[in-house]
Amino acid sequence: MTDSSHQQQYKDEKNPQIAQGVDEEATESNRRILAGRTYVSITAFATLYAAFHMAALNGVSISSLTGIDIPFLPQFPLETWNFRIVHIAGALGLGFLLFSAQNFTNTGISQRKHVMISAVAALLTIPALISSFSGISFAIAITYGNLPQMGGLTTWAAFPGTEIYTSELQWFGIPLLIATFGAIFLGWFERRGRSQIACSDIVLAICGLSVAIYLISIYSTAARNAVGTPFVPIGVAFAATAGTAMILELTRRVAGLALVIITGVFLAYTFAAHLLPGILAVQSAYSWQRFFGHVYSDAGILGPTTAVSSTYIILFIIFAAFLQASKVGDFFVNFAFAAAGRARGGPAKVAIFASGLMGMINGTSAGNVVATGSLTIPLMKRVGYHNKTAGAIEAAASTGGQIMPPIMGAGAFIMAEITGIPYQDIAIAAIIPAILYFVSIYFMVDFEAAKLGMRGMNEDELPKLNRMLRQVYLFIPIIILIYALFLGYSVIRAGTLATVAAAVVSWLTPNRMNLRSILKAFELAGVMSIQIIAVCACAGIIVGVISLTGVGARFSAVLLDLASTSQLLALFFAMCIAILLGMGMPTTAAYAVAASVVAPGLVQLGIPQLTAHFFVFYFAVLSAITPPVALASYAAAGISGANPMQTSVTSFKIGIAAFIVPFMFFYNSALLMDDGWLEILRSTISAIIGVFLLSSGVQGWFMSGRIVWFLRLGLIVAALFMIEGRIMTDLLGVGFALVIIIVQKVFSPNPNVPFPLRGAD
């Protein structure tokens, strides 16, 4: 089609659709693009993996549907540990087969130079298969053998010198470690075309299966009671070591080095803690066998983070995949343009609106940036925003999607798992903080647009709002989700109903879901889940270190000491730790780690559990736009073409008011819906005014005009008065603001008067 025909088509279009392809899946630079039988096999694997979770979570199996007990097929519900082990093993297998150890810089790689490396990697299948067959033989021996029983469980007397111990060592443990570490090492050097799977990655997939087979078998015996003690069976230690190494490697491939480095620091701390001074010290060294036996249990990798990723997270990833299949993302963004595109700086406000909507179906800040930013950032630049500002606005807006009810990314589910507070209560408590976050971003963006004299987009450039309103039925799955949750349905049942609704609603659109597209949605969900599962498992390693060493309790003691001096100082310290732990990490991992280190100390200060965890969660989310390591800002900089560090600093400035919000709901629990309706309403209005004043002070724009530096400082002081939420402080804040209005109207001080310490604004 020629340019002129494109223009004619646009002119003839009565309802232009700005957003197209928002729901399309991004292809990472190290992800393989497969074809032929390999593609079919991996697609089937991903589809079955996601469908298995949906079936398991709802207790649906072939046997339950037919009434026939079919041997070797899983019977639901699965035992909890077994389910989580299979969950991780499937992600490892799928992840290594799909994601290469290095980026694909070109597709025409010569194979001759790497034949030797591939041949050596292929030889590693021998020890990998030996360990797998050994695991299977152990499982058969446990299931059908005549091993002694203790408390109704098969004993596993694998002490040094026994036949079982020697067998585990020679035929399972050593071959498994050789294959695992050899394949990880060779993966750095083995080069294959993008349509081919490296031999080393096939070996790692087999090793992941081997670990799962062995652990499921051994944890069904009395040996499970020895987990976390010095008497862990040697085979468990070998399996846990290999499993931990594979989790770290997969996390590096799908989420980068930041989380891997932090996890490595915690691992190093475990074995060096007895040599350290002060609060970091432990009484005695931990053996390799005890630590890895502990870390691959429900106190670590199989603990809260994997509990959530194997239930709520993957369920909502499936829900998101079904929504994407019906192109709901395109509708969300077009709806946002129709609603907000005419306002001054329209595309920036669209970014706020669209990112909030997309955040409900997208589990990561950086992923949200990529989904909506590829459209909104170029439009922001077109209407006059600087590159770094356009990227920063999208990063700040996309980060807010993680605190947007009802789904709130994955962190809220982990909060429910850790605290025992019902998810519905957490979602309700999140409403006002989410409103305050997006209101603060809106004010910052609006004042920036006013300072630059921007206009909105032309009406003929935008989708028609009345036409968009005719498609509001696309919100039905989300409405059903919210309604089911508040009716008291479990999160799993509510999520399942919403997923079914997404398929049904698609029949009212041109993108009708048939059996093929349903299978495609399951396949997409299986692939989408790899990153978050790897991240959750990796965070579980850190949680395991914290629970074994007790370092979290010692941080709590530090907070208590600080609180004796100043409670505000203790909160500031907790904020810094939560942000520091979250830098470079996805929200899920950031919150999981911070909740283990910081939240217990806040609770010991007497802060209610929900408030303490929300405080930590909020700052773990904000770490995505906090320099020097800000994942969302870096992703936005990649689209806008701006300097990543400048973008992160600007996004921090745009989100500065949001950094005050956790202190607001700490001082005033009504902002977490913990009070009467009148007090909640008064506190919300007070908080919004406070956020408005703070945004005005930061941007230097108040009451339709620029203001001089000392009035800006006055606005910031007025805003801080309104943080505490008491009537007296609110009146003081409003009084300050009224004085500033009078000074501005009566004296009209020159806004170009330079601040004494930095020159002209």
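## Overall picture

Among contacts in the chain with a separation of 6 or more, 79% link residues 24 or more positions apart, a contact being heavy atoms within 4.5 Å. This is a predicted model, in which local features need pLDDT of at least 70 and side-chain atom pairs count only at pLDDT 80 or more, while totals for chains, interfaces and linings use all residues. Residues are numbered from 1 along each chain as its sequence is written, and side-chain values use heavy atoms, with hydrogens and water left out.

The chain has 761 residues, and 57% of them count as buried (under 20% relative accessible area, with a 1.4 Å probe and protein chains only). Its secondary structure comes to 34 helices and two strands; these are DSSP runs numbered from the N terminus, helices being H or I with at least four residues and strands E with at least two.

## The nonpolar cores

The largest nonpolar core takes in 239 residues. Such a core is a set of buried Ala, Val, Leu, Ile, Met, Phe, Trp, Tyr and Cys residues joined through side-chain atoms within 4.5 Å. Leu215, Tyr219, Tyr296, Tyr437, Leu602 and Phe614 have the most contacts inside it, and helix 23 gives it the most, with 19 residues.

Take Tyr296: leaving aside neighbours within four places in sequence, its contacts include Leu215 and Tyr219, along with Ile88, Val211, Ala240 and Ile247. There's also a second, separate core of ten residues, with Phe337, Val350, Leu375 and Leu379 among them.

Helix 9 and helix 10 pack with their axes 7 Å apart, at an angle of about 150°. Axes here are lines fitted to C-alpha atoms, for helices over the stretch in contact, and angles run from 0 to 180 degrees between N-to-C directions. That makes the two helices roughly antiparallel (over 145 degrees). Helix 9 brings Leu248, Thr251, Arg252 and Ala255 to the contact, and helix 10 brings Leu257, Leu259, Val260, Thr263 and Leu267.

## Helix 5 against helix 8

The axes of helix 5 (residues 115-123) and helix 8 (residues 199-218) come within 8 Å and cross at roughly 15°. So helix 5 runs roughly parallel to helix 8 (under 35 degrees). Ser118, Ala121 and Ala122 of helix 5 meet Cys199, Ser200 and Val203 of helix 8.

Conventions:
Parallel < 35°, antiparallel > 145°, perpendicular 65-115°, else oblique. Buried < 20%, exposed > 50% of the residue type's maximum accessible area, 1.4 Å probe, protein only.
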